[in-house]
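Subject: Structure handover

Hello,

Here is the structure I promised to pass on. Please open it next to this email. My notes follow below.

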Amino acid sequence: MEIKFKDKLQYQTDAVDSVIRLFEGQPKIPSEISITSRKLVSPIKGTGNLFEISIPEIKDNFFQIQEDNGLVVNDDLESLDFTVEMETGTGKTYVYLRTILELNKQYGFSKFVIVVPSVAIREGVKKTIDITRKHFSQLYKNPSYTDFVFNSDKMSELKNFMEDDNIQIMIITIQSFNRESNKIRQECENGVIPFNYITKTNPIVIIDEPQSTSSTPKQKEAIADLNPLFTLQYSATPKDTTNLIYRLNAVDAYNKHLVKKIEVDSFDAADYQGKPYVHLNEVKQNKQGVRSANITFVKKSDTGLNTANQNVKIGDDLSVKKLSNNSSYDDGYVVEDISVREGEERIIFENGNAVYLNQSINDINQEGIRKAQIEATIREHLKKERKYAKKNIKVLSLFFIDKVENYRFYDEEGSHKGKYARWFEEYYNKIIKEDGFSDLPKYILDMAPEEVHDGYFSIDKKKWTNTSGETTKDDSTYEKIMKDKEKLLNPKDNLRFIFSHSALKEGWDNPNVFQICTFIETQSDLSKRQKIGRGLRLCVDGDGNRVDESYGDEFEDINRLTVLANESFENFSKSLQKEMINDGIEFNYVKIEDFINIPFMDKNGNDKTTERYHAELIWGQLFNDGLILKDGHLTKKWDKAIKENKVILPKKVLDTIEPQMQGSFKLSIIDKVNSKSAKNYIKNKKDRITVTLDKDKIESSEFNNLWDKIKYQSTYSVKLNTEILIEECVEDMGLELKHIQKPKIHHVTGDIEINKDGVKGITRTDRQKFIDVESNEIPNIVKDLHDATHLTKATIIEILLRSNSRNDTFEKLLINPTEFYNITVDIIKRNLNQVIIKNIEYEKIDGQNYDSTDFKPSFDEWVKDNDFAASKLVKATKSVYDYVKCDSNFEFEFAQDLEEKEDIEFFIKLPNWFKIKTPGGYYNPDWALTTNIDGKKETYFVIETKGTSHVDQLPEPQANKVKCGFKHFELIEELTYDVCVDYKEFSERYLIE
């Protein structure tokens, strides 16, 4: 199996571009370097990285990038150490590898060092380089690059790193060079210190997981010793965001559907049999220094003994009536001390009992809870196996356990199964035989319980290393879990359940982990975020294809991570939220920058995005209306304002927006604020409901009459007027290519003044000057444009020649080939798309129809506190499912009206697989419906609900797809296709007696 990668994921290209744009103005000039020693006859020559661009130019670029990316703009740029924040599972390693290749393509930089905190992450980086090589070879037309893991026994690789002209990538752990005693810092026989081969090149240093790699003074000093041209830090949880250039945090990734959705299935002890049970939820200290703790204990009331949460302070007696009223706490359960020191959080009672954070005492049900968790994990796992087997998707489950010996222990006779392994096999053997799983694929049913689970623990590696001849299975397990991700993803590979303690943390994840079962540990080496991070990545199928939004309407249903935790949902979610806040992720907090770059259409029909001016006005309006506090945190009024439609936007902003689009713009602002809410991040499995297909409805005449109207698939053709296309392109090239400039250098002259206060530089002149580059590498522009646009080479040549004849554009090609290419590609694609849409024609494909059997039998949704409106679910009696799932408030209100109005006989929210092919990608219409006024005549419609009914006021990609929709549905007689804002507009147009 080969994992496949996509090159057009916007969030990844945005992260790459944020780095590339820092150095706009840097010419592509190689830097020759050399190294000498007293023992060398002649210098060793090589190439390195060199800046021609000035620091002030980088600073200007940096400020602009921060503003464009909606980040707080720095007051200054004090170092060339930049940070890219990307959530676990979103392709951080892919992004920085692609950035390496792009930096070389744009500016000629060729020497790169990737510094990692551990061997596990080093192995992960090396693996990603290996599996992306084919992808990058196609994307960058076979770039020549060498990568290697630093090995102190292969110092010659460092010499080659300096000498080779091509891209060099070295992966090295921080421990390999952060001490003077490291072998890399010792002089060799030729008199050269190997470390100097690296430092001479001014490498671009990429720091993976800086919170672990460069957090101490000693680590920072070691990285500075590398003499980097600049550094790039990549992390999901960076501690230092001084020079932040791109941010995709956990909440952003979740809201953009870039990672799995998270649900929690909680297991909490319910029967304490008179034992003095105490669970510690939280400790804190106020500004006056008073310490308190929040505990869960057993309280006696009129309804009996029940668990309750309670805040306590030093001196509180749990047994008294106003607290527990429970005599089981009589024996010394008086709070003696509360520790709030990080890593040592605990509450201590006078009887000597101590309870650590997220731990319990006298919880007699721990063994029962763990068994219940194992059973539930197996059951949830097999349900997903049954559901995804037809899609060729392997399902994995991961257990984080408290003690290694509970799963596997060693003695002089070798390894033995611990109680968790025995329990697992017992439950698996029982559950797999149940009738509900009899339809699983035969290869799964034939697997023995002992074949489907295994574990990886730090102690194992030592045992495997020290044992000879009897550990083939163990060693292959290590290779499979830690290195051979593709084999582990093969649906027919037996291993499906993985047990670990803390060995599988940073540096390991697997896209097909769908269940994570956590046993609370006495001293946890892993945070909740680290555990969840092992399964956040979007899954892949057996052919290596990522199951993302292009997969259709099942995407979210498939990409769901179930966490089975032995604590309450409230405690789990609260602890996770606290961890994320500590990592710098703000919930229920809105910045001015959050309202920058929100798309809208102005009154002239131009697509625009909000700038800081608009953002400040919007933020100020929300503050003045009491919806946010001065520090940006949301108030309790926010939810109420949404329900009562009292969210007001400033008039100065609305006056710039096309009136028909103001409603959709307001929804964009509300969605932006709602995305900051913590309550959206994880879901309680107990809130999950199943939406079911109604077999009677799918077999009814109402459905089939409507489906028979719309079921036809089509294809399109275009009669392209090449002359019009050429003229449009030439005209735009004349306007846009004229802004291309030569590379510049920053030229400063000044005096040095030395006095009692020290040395001071005094600037006399500060100028910028265009420079002539001796030989810009001119690409094969015709071939490159042909590959990018698929126009014939003859048409490309005619566009270029005609443009040069009128506007001398070849001069711009010589000045800056890369910018010329980028602008020209955009011009050709833009005009080509417009010409295609004007001349497109559709025709039915004989024998190819959308098949009603493709409607899923069921799918899952989440409804908290029976609030179906908040989940955008409409109870339906006139549609194929018992609930209609809507994507927006527009759709929700439209569906409610369709369900309630007597004139509507039947309606369908068209599924994602009902797609019409267009030049700009597939188009999925919103609704199909049948009207019947007073029982006289059925009339059929396909309706698109948008914020405007004027197609030309939609963003261009949407407008083009809708225009193709009109052409497609023209093929169907007695059916009307239209765009409406709401049901009122639809009824005024068509429901006329």
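First, a term for what follows: two strands pair if DSSP finds at least two bridges between them. Helices (H or I, at least four residues) and strands (E, at least two) are DSSP runs, numbered from the N terminus. This is a predicted model, in which local features need pLDDT of at least 70, side-chain atom pairs count only at pLDDT 80 or more, and totals for chains, interfaces and linings use all residues. Residues are numbered from 1 along each chain as its sequence is written, and side-chain values use heavy atoms, with hydrogens and water left out.

**The chain overall**

The protein chain has 32 helices and 41 strands. It has 993 residues, and buried ones make up 50% of them. Buried means under 20% relative accessible area, exposed over 50%, and partly exposed in between (1.4 Å probe, protein chains only). Contact means heavy atoms within 4.5 Å. Take the contacts between residues at least 6 apart in sequence: 70% of them join residues at least 24 apart.

**The seven-stranded sheet**

Seven strands form an open sheet with parallel pairing. Their order is S21-S22-S18-S23-S24-S10-S27. Strand S21 (453-456) and strand S27 (682-684) stand at the edges. Each has a single partner strand, so one side of each lacks a neighbour in the sheet. The twist averages 25° from one strand to the next. For angles, axes are lines fitted to C-alpha atoms, for helices over the stretch in contact, and values run from 0 to 180 degrees between N-to-C directions.

Two helices lie against this sheet. H10 packs on it and touches S10, strand S18 (396-400), strand S22 (497-500), S23 and S24. The direction of H10 makes about 175° with that of S23. Helix H11 (residues 419-431) lies across S18, S21 and S22, and runs at about 160° to S22.

**Strand S24**

How many of the six residues of strand S24 are buried? Six of the six, at residues 560-565, so the strand is largely enclosed by the rest of the structure. Arg560, Thr562 and Leu564 point one way from S24. Leu561, Val563 and Ala565 point the other way.

Strand S10 (residues 261-266) runs parallel to S24, joined by six bridges. Lysine 261 stands opposite arginine 560 in S24. Aspartate 265 stands opposite leucine 564. Strand S23 (residues 513-518) also pairs with S24 in the parallel sense, over four bridges. There, cysteine 517 stands opposite leucine 564.

**A three-stranded sheet**

Three strands form an open antiparallel sheet in the order S14-S15-S16. Strand S14 (335-339) and strand S16 (354-356) are the edges. Neighbouring strands of this sheet are turned by 15° against each other on average, direction ignored. Three bridges join strand S15 (residues 346-349) to S16. Arginine 346 has tyrosine 356 in S16 as its bridge partner.

**Pocket and cavity**

Rolling a probe the size of a water molecule over the atoms shows where empty space is left. The search uses a 1 Å grid over the protein atoms alone. A cavity is a set of points where a 1.4 Å probe fits but cannot get out. A pocket is an open set with protein on both sides within 12 Å along at least five of seven lines. Lining residues have an atom within 4 Å of a point. Grid points are joined across faces, edges and corners, and a volume is the space filled by probe spheres set on the points.

The second largest pocket holds about 800 Å³ of space. It is lined by 29 residues, and the closest to its centre are Lys387, Lys391, Glu554, Pro857 and Ser858. H10 gives the largest share of that lining, six residues. The lining divides into nine nonpolar, four polar and 16 charged residues. Here Ala, Val, Leu, Ile, Met, Phe, Trp, Tyr, Cys and Pro count as nonpolar, Asp, Glu, Lys and Arg as charged, and the others, Gly among them, as polar.

There is one cavity of 30 Å³ or more. The largest cavity has about 50 Å³ of space. Its lining is Leu97, Ile100, Leu101, Ile129, Thr132, Phe136, Tyr145 and Ile169. Seven of these are nonpolar, one is polar and none is charged. Helix H3 (92-107) and helix H4 (119-139) each supply at least two lining residues.

Best wishes
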